[in-house]
Amino acid sequence: MSVTPENLGDLSRRTLLQRAAAAGLLAAPAMGLLSACAGSEPEKKDTGGAAKSKDNPFGVKDGSAVKVVIFNGGLGDQWAKEDKVIFSAKHPNVTVNMSSTQKIKTEEQPKMATQPSDLVMNSGADMMDRSTLINEGAIEPLDDLLTAPAWDSEGTVADSLLPGTVGDGTQNGKFYVVNVAYTVWGNWYNAALFKKEGWQPPTTWDEFFALAPKIKAKGMAPYVHDAVHGYYPRWALMASIWKTAGKQVVVDIDNLKENAWKADGVLKALEPWEKLVKDKLLLPGKLDHTQSQQAWLDGKAAFIQVGTWLKNEMSATIPPGFELTLSDYWHNADDKAPKDVFAASGEGFVVPSKAPNKEAAKEFLRAILSKAGSAKFAELTKSLASTKGSGDNVQDSALASANSLMKNGGSELISVKFQDFYADLDKESQNLSEELMAGRLTAQQFVDKMQAAADKVAKDSSIKKQTRTA
């Protein structure tokens, strides 16, 4: 996720998503998110109460309406319009009011304490902070959605989801966020160009640094990335830390373990990125996500690191014959987890606690996660959905390269949680990632500053601490 790109997000998207959580409090300093002013309590509406069944497990009432807000970023919103058709086929007497925006926090946050939308896709650069939403009780736990029957397959909704999707949406032991996209991250290259030049796509840092002079000789920069949104480079940096230092070190970082950022392997993981910058292998310029992606498509750089929303986001400007191909992040020869792939669910939906029609919101989520809905998602976005088998029938070389990467990956999926746990630490990690990739910090300085930022959060008793075990 998306992350969700602007998304990303993206995953949003990035939700990916969610995986790019924007920092900042949801509430004014003197008043919590749900501390509505006197007289602002919305009128209660009778939206539920219909007979519950396998086809209507939440008792959605005919004649009711559900308001759905979609983040319209790198994945677009056409896939959501298809879900509306799927939902309405089963519930023709329920009105779906759907809208799309990139300003989720700006437009939806002010409504949370009064009368919010029923279902909100919380993604992109202007997303609401997840931990604050949860800690203030602003969004509904959705564990009952997981145990509900799947829309059009056997078993429960939980049974239909890809590995990690439930865990990615869980906090404090409860399931709050339904991620609908399944993003794979890595280094993209143009396979047609590499075949033409006789270049072998590198798998290790040593191979990349050996290839880089040949790329430069052709008038191209070896690498380009989004230098505006700090969560883009952070994805790559954290993936490298996992590969080099191993999973437990990242778990310790997420859990604010003392000196976790100074563990063996962390500095070694970041030093190749420092070298990439020092050796002037980056395309110059402070480009954002779409600008850097367009520069790559224009042949100004050989590699770019983003997630699988890339093809959909840039579909209008992909040159003829350009073969978008995803390869894994490069590793060192003696890394602890060189084959582990950075893949996760993103583009998260939430149901506000004060939503007037939570029943229909959950039912709409069942439709999104259906086999039919997820297949449409993959077809339209050229990215995997979080429902199993979404890309099985999609003929697309870019998506096929992502599926191949997943198939040949290690036993674990790379996942990082601290950005979802702590908004301030999230923001600092983005800032420092930008500084490292701009050459204004060394790898050692990055490690020292991240450790100091983590220590600050760990010592602040006003911040509720989170723990991951896997």
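User: Which residues do ring pairs link into a cluster?
Analyst: Tyr189, Phe194, Trp199, Trp205, Phe208, Phe209, Tyr223, Trp273, Phe303 and Trp330. Rings of Phe, Tyr and Trp (its six-membered ring) pair if their centres lie within 6.5 Å; planes under 30 degrees apart are stacked, over 60 edge-to-face, the rest tilted. This is a predicted model, where local features need pLDDT of at least 70, side-chain atom pairs count only at pLDDT 80 or more, and totals for chains, interfaces and linings use all residues. Residues are numbered from 1 along each chain as its sequence is written, and side-chain values use heavy atoms, without hydrogens and water.

User: How many aromatic pairs in the whole structure?
Analyst: The search finds 30. In one of them, Trp185 and Trp309 are edge-to-face, 6.2 Å centre to centre with 80° between the planes. They are 124 residues apart.

User: Is Trp309 buried or exposed?
Analyst: Buried, at 0% relative accessible area; buried means under 20%, exposed over 50%, partly exposed in between (1.4 Å probe, protein chains only).

User: What about the rings of Phe194 and Phe303?
Analyst: Their centres are 5.3 Å apart and their planes at 70°, so that pair is edge-to-face. Both Phe194 and Phe303 are buried.

User: Which ring does the charged end of Lys275 sit over?
Analyst: That of Phe209, 4.9 Å from its centre. The criterion is NZ of Lys or CZ of Arg within 6 Å of the ring centre and within 35 degrees of the ring normal. The charged end of Lys90 sits over the ring of Trp151, at 3.9 Å from the centre.

Notes. Helix = DSSP H or I, 4+ residues; strand = E, 2+ residues; numbered from the N terminus.
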